[in-house]
Amino acid sequence: MNHFELFGLPVNFELDSAGLATTYRELQRTLHPDNFANNSERERLLSVQKSSQVNDAYSILKSPIQRAEYILAVCHEDIRGEQKTLQDPMFLMQQMELHERLEDIPHAADPEQEISELDDELTLSIKQYLQEFNELVSTEHYNDAANVVRKLKFVYKLQTQLSTLEDSLLDY
């Protein structure tokens with residue numbers, strides 16, 4: 001049973017986050033080991049294993065990157081944990097330019113404005129890549145979808161770095 005089946009969902013990138021969380025809580029309530037305290041050792045062990053499986057599945061499905069990688073794995077294009085280098089020179093050049101902008105923010109006249117603009121740009125890129133991923137998976141272009149996930153990882157990492165920089169500059 002894959003993670004989507006465990007939650008009663010079709011294998012699809014788009015999902016209802018609130019519904020996913022509700023199903024997660026219901027599964028955890030049903031499978032909680034305390035409910036099996038008076039059962040046999042085997043049933044208690046199965047409860048712990050199933051509860052752990054639900055936790056892992058929920059963690060993966062609620063994260064867009066992990067969910068995308070998992071969908072690819074279900075479709076026999078497993079890129080989880082790979083160390084493959086992205087072979088898109090234009091994209092890599094854009095990433096270098098974005099990193100330079102990030103490095104220049106502390107020296108900008110209005111760092112808060114620069115942070116906001118870069119964050120908006122990254123958020124838009126993420127939205128576009130997620131849409132592209134969804135379209136590629138739905139048309140079974142898994143290799144191309146894998147490349148989109150590789151790009152998404154770069155953009156998410158940059159967005160995390162931007163958030164860290166913002167916290168340090170604005171003392172949050």
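Leu 152 is found in helix α7. Helices here are DSSP runs of H or I with at least four residues, strands are runs of E with at least two, and both are numbered from the N terminus. At 0% relative accessibility, Leu 152 counts as buried. Buried means under 20% relative accessible area, exposed means over 50%, and partly exposed lies in between (1.4 Å probe, protein chains only).

The model is predicted: local features need pLDDT of at least 70, side-chain atom pairs count only at pLDDT 80 or more, and totals for chains, interfaces and linings use all residues. Residues are numbered from 1 along each chain as its sequence is written, and side-chain values use heavy atoms, with hydrogens and water left out.

An unreviewed UniProt entry carries the annotation "domain: J" for residues 2-74. UniProt positions are given in the numbering used here, feature names are shortened, and annotations may be inferred rather than shown by experiment. In the model, the end C-alpha atoms of this span, residues 2-74, lie 8 Å apart. The span is 71% helix and 0% strand.

Salt bridges were examined next. A salt bridge is a side-chain nitrogen of Lys or Arg within 4 Å of a carboxyl oxygen of Asp or Glu. By this rule the model has five salt bridges. One of them joins Lys 153 and Glu 69, at 2.4 Å from N to O. This pair links distant parts of the chain: Lys 153 sits in helix α7 (residues 142-170), Glu 69 sits in helix α4, and 84 residues set them apart. Lys 153 is partly exposed, with a relative accessible area of 31%. Glu 69 is buried, at 8%.

Another salt bridge is formed by Glu 41 and Arg 44, whose closest N and O atoms are 2.4 Å apart. Both residues belong to helix α3 (residues 41-62). Because they are three residues apart in this helix, about one helical turn separates Glu 41 and Arg 44. Glu 41 is exposed at 55% relative accessibility, whereas Arg 44 is partly exposed at 29%.

Arg 80 and Asp 78 also form a salt bridge, with the closest N and O atoms 2.9 Å apart. Arg 80 is partly exposed, with a relative accessible area of 43%. Asp 78 is partly exposed too, at 46%.

The loop between α4 and α5 holds His 76. Phi of His 76 is near 70 degrees, a positive value in a residue other than glycine. Most residues other than glycine have a negative phi. His 76 is exposed, with a relative accessible area of 72%. A positive phi is also found at Glu 140, where the value is near 60 degrees. Glu 140 lies in the loop between α6 and α7. At 57% relative accessibility, Glu 140 is exposed.

Asp 88 lies in the loop between α4 (64-74) and α5. Asp 88 is partly exposed, with a relative accessible area of 21%. The C-alpha atoms of Asp 88 and Asn 147 are separated by 9.1 Å, although the two residues are 59 residues apart along the chain. Met 90 is in helix α5. Met 90 is exposed, at 62% relative accessible area. From C-alpha to C-alpha, Met 90 and Asn 143 are 19 Å apart in space, and they are 53 residues apart in sequence.

Glu 97, Glu 100, Glu 103, Asp 104, Asp 110, Glu 112, Glu 114, Glu 117 and Asp 120 form a negative surface patch. The elements that give two or more residues to this patch are α5 (89-104) and α6 (111-138). Patches are made of residues with over 30% relative accessible area and no salt bridge; like charges are joined within 9 Å, and nonpolar side chains (Val, Leu, Ile, Met, Phe, Trp, Tyr) within 5 Å. Asp and Glu count as negative, Lys and Arg as positive, and His and the chain ends are not counted. Glu 103 is exposed, with a relative accessible area of 56%.

Technical notes
Areas by Shrake-Rupley, 256 points an atom, 1.4 Å probe, with all protein chains shown as cover. Charge placed at Lys NZ, Arg CZ, Asp CG, Glu CD.
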